[in-house]
Amino acid sequence: MDIVAIQLLNAVQYGLLLFLVASGLTLIFGIMGIINLAHGSFYMLGAYMAFTLSSLTGSLAVAMVLGVVLSVVIGLVLEWTLFSHLYKRDHLEQVLLTYGLILIFEELRSLIVGNDVHGVPVPALFGGSIALVDTMTYPVYRLVMSGVCLAIAAGMYVLIQRTRLGMTIRAGASNREMVGVLGVNVNLVFRIVFALGVALAAFAGMLAAPVSSVYPGMGQQVLIICFVVVVIGGIGSVWGALVASLLIGLVDTFGKVLVPEYAGVAVYLLMAAILLWRPEGLFRRG
Amino acid sequence: MNQRHNALRALAAAVALAFVASPALAQEKVKVGFMLPYTGTFAALGNAITNGFKLAIAEQGGKLGGRDIDYVTVDDESDPAKAPENVNKLIKRDNVDVIVGTVHSGVAMAMAKAAKDNNALLLIPNAGQDEITGPLCAPNIIRTSFSNSSPGYAMGKVAADRGYKTVVTLAWKYAAGDQSVGGFKEAFEKGGGKVVKELSLPFPTVEFQPFLTEIASIKPDAVYVFFAGGGAVKLVKDYDAAGLRKTIPLLGPGFLTDGTLEAQGASAEGLLTTLHYADELDNPKNNAFRAAYKKAYNVEPDVYAMQGYDTGQLLAAGTKAVGGDMKKRDALIKAMQTAKIDSPRGPFSLSKANNPVQDIYLRQVVNKQNKAIGIAIKGYADPAVGCKM
């Protein structure tokens, strides 16, 4: 029984991390109407920043702070130069541009860091393990990771539901013109949302780096599963993304150990089943 | 005037002679094509093989069969999708006499197929895909390393001999992992044990936590895993961090602890593995090899370096027999097939399927060294199922 509890912990921890990446995607997709295929690249960007910056500075914490600042800047610049031209265009053009960005980011990664797989050491402070049951100990860093994810989820809830900026974001999403007429700088709001989405994905990559290692193509893997989260949760719903992420965490973790032969498809079966039941996802926005 | 005329004539004659003589004097070079991973998960392995090969060649005075060597190098990135294109570059564009490669089994499969189709000479310094010396076997495809199932088979025997009754396996879901686990299972269950669960995850992902939890819940007598390179480092560390190292013995083929011990540190101490090589094999050839390798590259050699070295030795033996004339293909292959290679792993020769017949050692990690503590199987020849040669 104890072991099932630990497996649940694994599932929740994976789900929370997934939520961190997927929430950025659902924000950008749902609120700004942009299909951002390059979202996985931001996750990869974060992981590689954790690797390079932590080997330069010797501290993962410092690397994370620097990395978040950098990714916000990258987000702002990208929105200003590229994405702001996409709002009024159809999805096909968005897909083309963001797919191009994937290729550019992968090639840059290959040029700058190379194609090797790298490990990122767990910070010494959280390096230990604690005994949860008598047969097994649990690495402290994984618990810390889950705590951080929870804190960020709570922070996002407060930001979107309880602050003036959050109110403007929600209003801008449902009727962009009207909010503009009321004298709100909608372009600025969208720019902030986009940068926030990039920073969330990059932060998730940094947090996961010590656990998952950094390797070429890691962004695409995450991207696909994130779209599954967004589809299951309902497009644009942050709450839906949280529920869907946890659901996927459970199905994936238990699928891997209970039906190892079908682990690869378990998550997609879940998605198909939910779409049959609720074609618009679990939580439809608005 | 006359004298100057003579001098001119002599010069002209010399030049003419040089033109005529040069093709005859400078024999055709031997063209060796490396197709190995120089980037990606297996980059370190590709470099070790190259270093080992070149060390063996240096010991031949930098020549093969008395002829100079041209090297062509292709980075295969351990990417099976790019393999056919890469190997065809070597065969058709560069016209190499012999291809040396590779590490990844999937890439090696594509190379073996291309070698078979084009009748190109292929020496495989690592990839253990069983089929290559099974259904795909051919006289022009020779392997100097092992087959995937053989270290697993040896470990299965060891596990059964130690009296383990239940084992859980965990491996990357690709040919090398499947075949290694298959070899283990065959020998272990023959010896009366039972593999109670086979777990796997996609190559090269390394999120082991759910699997470790499952292992803790099953509590088998031992765990058999197949991982290499960066994945092996992570698994051994995670296994230790999960507190399983002290309670459930971790077993694997030697790749689990070869070339990775520095990064694994204390988490790897005491682990048991099986392989056709160990760090401190006490034979004169191994001692000389280790000293020479360390001198040349300033690092300790590993099994991959040794396999690269033996690939060089085997090719040297073959080319010596034909005086470096790579056109005498049949004689060249015959010489390699009958050669007895004085290898750092102990002497070996090739089986009928062109796979080494060799001892497989049981090794234990002691002070960051893979120390041989016995021989798991003596003179093991892969069964080469499906090879008709």
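Reader: What distance separates the end C-alpha atoms of H8(B)?
Author: Take 1.5 Å a residue: the 13 residues of H8(B) should then span 18 Å, and the modelled helix agrees with that. The expected span is 1.5 Å times one less than the number of residues, and helices here are DSSP runs of H or I with at least four residues, while strands are E runs of at least two, both numbered from the N terminus. The end C-alpha atoms of H8(B) are apart by 19 Å.

Reader: Before we go on, what pLDDT do side-chain atom pairs need to count?
Author: Residues are numbered from 1 along each chain as its sequence is written, with chains lettered from A and ligands numbered from 1 in the order in which they are written. This is a predicted model, where totals for chains, interfaces and linings use all residues, local features need pLDDT of at least 70, and side-chain atom pairs count only at pLDDT 80 or more.

Reader: Is H8(B) mostly covered or mostly open, and how many of its residues are buried?
Author: A residue is buried if 20 or more other C-beta atoms lie within 10 Å of its own, exposed if 12 or fewer, and partly exposed in between, with C-beta atoms placed from the backbone. The buried set in H8(B) includes B:Lys234, B:Lys237 and B:Asp240 as well as B:Val233, B:Leu235 and B:Val236. H8(B) is mostly covered, and the buried count is 12 of 13.

Reader: Which element gives the largest share of the side of chain B that touches chain A?
Author: Residues are in contact if their C-beta atoms, placed from the backbone, lie within 7 Å, and by that rule the contact takes 27 residues from chain B and 22 from chain A. On the chain B side, strand S7 (194-201), helix H7 (209-218) and helix H8 (229-241) each give two or more residues. The largest share, seven residues, comes from H7(B).

Reader: How many charged residues does that side of chain B have?
Author: Ala, Val, Leu, Ile, Met, Phe, Trp, Tyr, Cys and Pro count as nonpolar, Asp, Glu, Lys and Arg as charged, and the others, Gly among them, as polar. The side of chain B that touches chain A has 11 nonpolar and 10 polar residues. The charged ones number six.

Reader: What is the radius of gyration of chain A?
Author: Chain A has 11 helices and two strands, and it runs α-α-α-α-β-β-α-α-α-α-α-α-α along the sequence. The radius is taken over C-alpha atoms, and the globule rule is 2.2 Å times the number of residues to the power 0.38. For 286 residues that rule gives 19 Å, so chain A is as compact as a globular protein of that length, with a radius of gyration of 19 Å.

Reader: What percentage of the contacts in chain A with a separation of 6 or more comes from residues 24 or more positions apart?
Author: Buried residues make up 45% of chain A, whose C-alpha trace spans about 65 × 50 × 35 Å along its principal axes. As for those contacts, residues 24 or more positions apart account for 76%.

Reader: Which residues does A:Thr253 contact, leaving aside its neighbours within four places?
Author: A:Thr253 lies in helix H10 (residues 238-258) of chain A, and it counts as buried because it has 27 C-beta neighbours inside 10 Å. A:Leu9 is 244 residues away in sequence, yet the C-alpha to C-alpha distance is 9.9 Å. The contacts of A:Thr253 are A:Gln7, A:Asn10, A:Ala11, A:Tyr14 and B:Pro210.

Reader: What is the phi of A:Ser213?
Author: A:Ser213 is in the loop between helix H8 (186-212) and helix H9 (218-233) of chain A. It is buried, with 23 other C-beta atoms within 10 Å. Its phi is positive although the residue is not glycine, near 65°.

Reader: Which residues does the cis peptide bond join?
Author: Look in the loop between strand S3 (98-100) and helix H4 (105-118) of chain B, where B:Thr102 lies. Omega is about 5° for the cis bond, and the residues joined are B:Gly101 and B:Thr102.

Technical notes: Two residues are in contact if their C-beta atoms, placed from the backbone, lie within 7 Å.
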